[in-house]
Amino acid sequence: KAKAEDGHAMDYVNDATTSDHPKYKDGNKCSTCAFWAGEESGGWGTCRHPEFSDVLVNKNGWCSTWVPGG
Ligand code: SF4
């Protein structure tokens, strides 16, 4: 799978700390999200959300669908 680029879907960014989205809260990131399915290699892993089914997301990324879990 290709690595997601910033803006892939739902305001996704590869570095959560760069998000200026109003829903973003410090500390939230893919690796603590309920959709995170685990790291594959080098900090990149799978997101269960259908919008990200064709890409890898970064463990330090974030999108506006973030929900606690991980
Ligand atoms: Fe990351 Fe969660 Fe968004 Fe998937 S749904 S890209 S794991 S924040």
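A residue is called buried when its relative accessible area is under 20%, partly exposed between that value and 50%, and exposed over 50%, with a 1.4 Å probe and protein chains only. The model is predicted, so that local features need pLDDT of at least 70 and side-chain atom pairs pLDDT 80 or more, while totals for chains, interfaces and linings use all residues. Residues are numbered from 1 along each chain as its sequence is written, and side-chain values use heavy atoms, without hydrogens and water.

Rings of Phe, Tyr and Trp (its six-membered ring) pair if their centres lie within 6.5 Å; planes under 30 degrees apart are stacked, over 60 edge-to-face, and the rest tilted. This rule gives 2 aromatic pairs. The ring centres of tyrosine 12 and phenylalanine 52 are 5.5 Å apart and their planes lie at 55°, so this pair is tilted. Tyrosine 12 sits in the loop between strands S1 (2–3) and S2 (36–41), and phenylalanine 52, 40 residues away, in the loop between S3 (44–47) and S4 (55–58); strands are DSSP runs (E, at least two residues) numbered from the N terminus. Tyrosine 12 has 1% relative accessibility and therefore counts as buried, and phenylalanine 52 is buried at 1%.

Tyrosine 24 and tryptophan 62 form an edge-to-face pair, with 5.4 Å between centres and 80° between planes. The pair links the loop between S1 and S2 to the segment after S4, across 38 residues. Tyrosine 24 and tryptophan 62 are both buried.

Key
Helix = DSSP H or I, 4+ residues; strand = E, 2+ residues; numbered from the N terminus.
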